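User: I would like a close look at one part of the model below, namely how the strands pair. Please give it as one connected account.

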Number of protein chains: 2
Amino acid sequence: MSVADLAADMTADPSGQSLGEAMAEIGRDARAAARVLAAAPRDVKDAALMAAAEAIRAGSEAILTANAADLEAAGNDLTAAFRDRLTLSEARVEAMARGIEEVATLEDPVGTVIAAWDRPNGLRIERVRTPLGVVGVIYESRPNVTADAGALCLKAGNAVILRGGSESARSSAAIAECLRAGLREAGLPEDAVQLVPTQDRAAVGMMLKGLDGSIDVIVPRGGKSLVGRVQSEASVPVFAHLEGVCHVYVDAGADLEMATAIAVNAKMRRTGICGAAETLLVDRAVADTHLMPVLEALYGAGCAVRGDAEIVAAARFAEPASEEDWSTEYLDAIISARLVDGVDGAIQHIARYGSQHTDSIVTDDPVAAERFLSRVDSAIVLHNASTQFADGGEFGMGAEIGIATGKLHARGPIGVEQLTIFNYRVRGSGQTRP
Amino acid sequence: MSVADLAADMTADPSGQSLGEAMAEIGRDARAAARVLAAAPRDVKDAALMAAAEAIRAGSEAILTANAADLEAAGNDLTAAFRDRLTLSEARVEAMARGIEEVATLEDPVGTVIAAWDRPNGLRIERVRTPLGVVGVIYESRPNVTADAGALCLKAGNAVILRGGSESARSSAAIAECLRAGLREAGLPEDAVQLVPTQDRAAVGMMLKGLDGSIDVIVPRGGKSLVGRVQSEASVPVFAHLEGVCHVYVDAGADLEMATAIAVNAKMRRTGICGAAETLLVDRAVADTHLMPVLEALYGAGCAVRGDAEIVAAARFAEPASEEDWSTEYLDAIISARLVDGVDGAIQHIARYGSQHTDSIVTDDPVAAERFLSRVDSAIVLHNASTQFADGGEFGMGAEIGIATGKLHARGPIGVEQLTIFNYRVRGSGQTRP
C-alpha cells in the first residue's frame with residue numbers, strides 16, 4: 001500500500017479501528033519486505049542506496065518546498081534549537097545524500113561467518129550474521145533522521161518503519177519517498193522503508209507493542225522525554241540511552257596538562273551531546289596540585305562549577321551541588337565536581353551516579369588505568385582520552401543510529417553491524433541424534 | 001540478608017509492602033554481588049563452583065530430606081511427569097554436582113577481547129566481553145534447575161536471582177544453600193546466588209519488572225504457559241522460546257534412506273523436547289517416491305500422522321489436519337505432513353507457520369540446501385541432520401540455560417558465552433576531539 005493510499009484510508013475512516021488496521025498492514029508489509037531484503041546481495045542493496053541518494057539530490061527542490069511548508073505550519077512558537085533541527089537547506093540536503101552514499105560504502109555484515117567449528121559426529125556448525133528483521137525508528141522533528149536511519153537499516157538488510165515528529169511530517173515524507181524510489185530502482189520492495197503517515201500518537205503506542213510481532217526492535221532518536229516514554233512503554237526491545245552522565249576522573253597519576261585538556265574538551269567541546277562530561281572526579285591525593293588548575297581551566301572556558309563542600313571551600317567560583325546534581329545530565333556549560341579516594345572511590349561514585357554510558361580516567365599509572373577500565377561497567381570506558389569520542393564515526397564504525405546503554409545485544413554505538421543478529425547453520429551428512 | 005532472615009521478615013509482616021521491600025533488597029544485594037563477580041578471576045569463580053559441587057555431595061542427605069518433604073507436601077495430585085521432574089535421588093544429586101563441575105571446566109568468556117583496532121588519531125579500541133550483570137531465572141518445580149542455572153550464571157560472572165516452583169521450594173532452598181556455601185568458601189559474596197524465599201506470585205511480577213533496574217535479563221525455564229506469561233508481562237529482556245514448531249523438509253534431491261532416518265529421529269527420538277520435529281514437508285516433485293516411505297516409517301515407529309487432503313488421500317492411516325495443526329507444537333508422537341512446491345514452498349510454509357526455532361532440509365542438491373539455510377529465518381537451520389541436535393551440549397557449547405528464538409542478543413542455545421555482553425575499552429595518550 002502506498003503512503004498516499006494509506007493516508008486516504010485513514011482520512012476516510014479515522015477511527016481507532018482503522019488506525020489499528022492500517023498500522024497492522026504497515027507491519028505485515030514491512031515483514032514481507034524484510035524477507036526479501038534479508039536475501040538481497042550487497043550490490044543490490046548498495047544500488048538502492050546510491051539511487052536513493054540521487055533521488056534526494058534530484059528531489060532537492062521538492063524536499064525544500066515540503067520543509068518550507070513544515071516551517072510555516074509550525075509557526076513562531078518553536079525554540080531556536082528546535083527550528084534549527086527542523087530546517088533544511090541545499091547544503092543539508094546534499095549532506096543527507098552524501099551520508100547515504102557513505103553508508104553504501106560500508107562493509108555488509110550480513111552473511112559473515114562469525115564462528116565455525118566441527119563436532120566429533122561430523123556436524124559443521126557456523127554462526128552467521130543475519131539481519132534483525134524490522135526496525136521501528138521513533139524520532140523527533142529532525143527530517144535528516146529519515147535518511148540516516150533508513151539508510152543504515154537498509155544496509156544491514158532490515159526493513160524500517162519510521163515515525164517522525166509531527167512538525168517535520170512533510171519533509172520526512174518527501175525524503176522517505178526518495179528512499180522508496182531508490183529501492184524500486186534496484187528492484188527491491190519499496191515497503192522496506194515506510195513512514196507512518198499519521199500523526200495520531202496512538203500509532204506510536206502500537207509500534208511500541210510491536211505491531212503483532214512485526215517489529216523486532218525499536219530505536220528512539222530524540223531527547224530524554226521521548227526515550228523515557230519509549231523505554232517505559234515498549235514491550236519490544238529498545239536500543240537507546242536515556243542519558244549520558246559521563247565522568248572524567250583525574251587520578252593521582254595524571255599528567256596535569258593532559259588532565260586539564262581532556263576535562264575541558266570532554267565538557268566544553270560540545271555540551272549538548274550525550275558523550276559530554278557532566279562530572280569531574282579528582283583523586284584526593286592530588287587535590288593540592290590538580291584540583292584548582294582543572295577547575296580554573298573549566299571556569300575560564302565558560303563552565304559553571306558545582307561541587308560539594310570541599311570544592312566550594314577550594315574554589316570561590318563554585319556553587320554548592322545538591323545530591324541531585326551527581327546524577328544530572330546538564331547538556332550545558334555546567335559541571336559537578338568532587339574529590340574521591342583514588343580509583344576505587346571514582347569507581348564507586350560512577351557505579352552509584354553514572355548512567356553506564358561513557359567514562360574516562362586520566363592517569364599515567366597503568367594499574368589504576370586497568371582497574372578503571374575493567375571495573376567501570378559503562379558501554380565505553382576510556383584511558384587518557386576525551387569522553388567526546390563516544391561516537392560511531394569516531395570509533396570507525398561509520399554512521400550510527402544511536403548509542404545504547406542497555407546490557408543486551410549491543411552496547412555503545414549502534415552501527416550497521418549492531419543492526420544484525422546471527423543464526424546457526426549446521427551441515428551434516430545424515431546425522432541423527434543417538 | 002540470609003534466606004532465613006528474609007523469610008522471617010516476610011512472615012513477620014506479610015503485607016504487599018513488606019514483599020516489595022524484601023524483593024527490592026534482593027535486587028540491591030544481587031547488584032552489589034554482581035559487581036564483585038564481574039571482577040572475579042576465573043580461578044576464584046571455578047573454586048566457588050567446585051566447592052558448591054562438593055557441598056551438594058556432602059549435603060546429599062539434607063537435599064534428599066528436603067525433597068521428600070516437598071513430595072509429601074505435594075500429595076498425590078501430581079501427574080507422573082510432574083512428580084518425576086520434582087523427584088531427586090542419590091544419582092540425580094550426584095549428576096547435579098557433576099554438572100556444576102563441568103561448568104567449571106568451561107572456558108571463561110569474561111575479559112576476552114572480541115575485536116580490537118587502531119584509529120588514525122592513535123586511539124586503540126577494544127571490544128571486551130563483560131558479564132550481563134544480574135540474571136533472573138523463573139522456573140517450574142525442577143530442583144535441578146537451581147544448580148544448573150545458578151552454576152552457568154556464576155561462571156559468566158553474573159549474579160542470579162532464582163525463583164523456582166512452589167512444589168520444589170524446600171529442595172531448591174537446600175541446593176541454593178550449597179551454591180552459596182561454595183561462594184563463601186571461595187571468598188565471593190553469597191548473594192551472587194539468591195533464591196526468592198516466598199511463593200507469593202506477586203514476587204514473580206516484581207522480577208518481571210526488573211526490581212527497579214536490578215535485573216538485566218529474565219530466563220524462564222518451563223512450559224509454554226510459564227514462558228508465555230513471562231514474555232507478555234516482562235518489561236526487562238527475556239531469553240526464551242515459546243515453542244519449537246520444527247520442520248523437516250524432504251527435498252526432491254533427498255536420499256530417501258537418509259530422509260527417512262532423519263524424519264524418524266527428528267520426530268520420535270524424544271517427542272517432548274523443543275527440537276523435536278512437528279511438521280514434515282515433502283517436495284511435490286518426489287511425492288510418488290519419497291512421501292509414503294517416510295510416512296510409513298513414522299507410522300511404523302508409533303507416530304500418528306495428520307495431513308492435508310493430498311496426504312489423507314495417499315495414506316490410509318493419516319487423519320485430516322486442521323489449519324491449527326500447522327502451527328501446533330505437539331510434544332507428542334504426532335506429526336503434521338504436507339506436500340510443498342520445492343524448497344521455496346518449504347521456505348514459505350516455515351515462514352508462515354514456524355516458530356523460528358529449528359528447521360532441517362534433507363537433500364543432496366547443494367543449491368537447494370544453501371537456499372534453505374540462508375532463507376529460513378530460524379535460530380538453527382540444518383542440512384542433512386536431525387532437528388534434535390538443537391541443544392547447547394550437542395553444539396559443543398557445554399551446558400545451556402535454554403534456547404532463544406528472539407531476534408536480539410543471542411539466538412539458539414544460551415550458554416556461558418551468551419550470558420555475557422561487551423563494552424568498549426579505549427586507550428589513548430591524551431587525545432581530545434577536535
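Analyst: In chain A of this predicted model, 4 strands make an open sheet in the order 5-4-3-6, with parallel pairing. Helices (H or I, at least four residues) and strands (E, at least two) are DSSP runs, numbered from the N terminus, and two strands pair if DSSP finds at least two bridges between them. Strand 5 (193-195) and strand 6 (217-221) of chain A are the edges; each has a single partner strand, so one side of each lacks a neighbour in the sheet. From one strand to the next, the twist averages 20 degrees. Strand 3 (residues 134-139) and strand 4 (residues 159-163) of chain A run parallel and are joined by 5 bridges, with V134(A) opposite A159(A) in strand 4. Across strand 3, strand 4, strand 5 and strand 6 of chain A lies helix 7 (residues 143-155), at about 160 degrees to strand 4. Such axes are lines fitted to C-alpha atoms, for helices over the stretch in contact, and angles run from 0 to 180 degrees between N-to-C directions.

Residues are numbered from 1 along each chain as its sequence is written, while chains are lettered from A and ligands numbered from 1 in the order in which they are written. As the model is predicted, local features need pLDDT of at least 70 and side-chain atom pairs count only at pLDDT 80 or more, whereas totals for chains, interfaces and linings use all residues.

Another open sheet takes strands from both chains: 10 strands in the order 1(A)-2(A)-16(A)-13(B)-12(B)-7(B)-8(B)-11(B)-9(B)-10(B), with mixed pairing. Its edges are strand 1 (113-118) of chain A and strand 10 (319-320) of chain B, each with a single partner strand, so one side of each is left without a neighbour in the sheet. Strand 1 of chain A pairs with strand 2 (residues 124-131) of chain A in the antiparallel sense over 5 bridges, and W117(A) stands opposite I125(A) there. Helix 12 (residues 287-300) of chain B packs on this sheet, touching strand 7 (246-250), strand 8 (277-283), strand 9 (304-307) and strand 11 (334-340) of chain B, and makes about 160 degrees with strand 8 of chain B.

Where do the chains join within this sheet? Strand 16 (residues 420-431) of chain A pairs with strand 13 of chain B in the parallel sense over 5 bridges; Q431(A) has A385(B) as its bridge partner.

The contact as a whole takes 55 residues from chain B and 55 residues from chain A, two residues being in contact if their C-beta atoms, placed from the backbone, lie within 7 Å. On the side of chain B that touches chain A, strand 16 of chain B gives the most, with 11 residues.

As for confidence, the predictor gives the complex an ipTM of 0.92 and a pTM of 0.92. Chain A averages a pLDDT of 94, and 96% of the residues score at least 70; pLDDT is the predictor's confidence in each residue, from 0 to 100.
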